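I am opening my notebook on a new structure today. Here is what I looked up, entry by entry.

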Amino acid sequence: MAAQLAEPDMHLTDEPDSPEAAPTDFATFREIDIRVGTILEAAPLDGARKPALRLVIDFGAGVGVKKSSAQITVHYTPETLVGKQVAAVVNFPPRQIGKFMSEVLTLGFPDADGAIVMFSPDLPVPNGARLA
């Protein structure tokens, strides 16, 4: 019987001075579909073990509107997020977070204290634009 692999922790962070990851190639990089979308709705995620927000994000006609759970409550409130463009991995399998089904992985970087700062373009881009 094969050993079952544990699901990886989606909230792992590396120290800023950690070494770079193992080399990869462009084809492997392109397998991860990272798109920009605009947050349509944001609200506290009820029942989460750690404070989190539930987001509804419009990724344009190709991907559509998707939901995401994000542990971003240190720097963001629901009121400040509506209309903000963010980047997310849109081709990971959906993940159950409590009673909420998270469909995309919203991307961010930890600040000096480990709180997540969302990754977003500094100029507007079309919803659904793919990281090039």
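**Confidence.** pLDDT is the predictor's confidence in each residue, from 0 to 100. I noted that the protein chain averages a pLDDT of 90, and that 90% of the residues score at least 70. Residues 1–7 stay under 50, and for them the model has one contact (heavy atoms within 4.5 Å) beyond four places in sequence.

**Ground rules.** This is a predicted model, in which local features need pLDDT of at least 70, side-chain atom pairs count only at pLDDT 80 or more, and totals for chains, interfaces and linings use all residues. Residues are numbered from 1 along each chain as its sequence is written, and side-chain values use heavy atoms, with hydrogens and water left out.

**Salt bridges.** How many salt bridges does a search of the whole structure find? I found two, taking a salt bridge as a side-chain nitrogen of Lys or Arg within 4 Å of a carboxyl oxygen of Asp or Glu. Aspartate 33 pairs with arginine 35 at 2.6 Å, N to O. Aspartate 33 also pairs with arginine 130, at 3.2 Å, N to O. Aspartate 33 lies in the loop between α1 and β1 and arginine 130 in the segment after β9, so this pair ties together parts that are 97 residues apart in sequence. I can write Asp33, Arg35 and Arg130 down as a network of salt bridges.

**Buried or exposed?** For relative accessible area, buried means under 20%, exposed over 50%, and partly exposed in between (1.4 Å probe, protein chains only). Aspartate 33 is buried because its value is 11%, and arginine 35 counts as buried at 19%. Arginine 130, at 29%, is partly exposed.

**The core.** I then looked up the largest nonpolar core, which has 16 residues. Such a core is a set of buried Ala, Val, Leu, Ile, Met, Phe, Trp, Tyr and Cys residues joined through side-chain atoms within 4.5 Å. β2 gives the most to this core, with three residues. Among the residues with the most contacts inside the core is Leu81. Leucine 81 touches residues including Ile39, Leu55 and Met118, not counting those up to four places away in sequence.

**Two single residues.** Where is serine 69? I found serine 69 in strand β3 (residues 65–70), and its 15% relative accessibility is why it counts as buried. Alanine 112 sits in the loop between β8 (108–110) and β9 (116–118); at 83% relative accessibility, alanine 112 counts as exposed. Helices (H or I, at least four residues) and strands (E, at least two) are DSSP runs, numbered from the N terminus.
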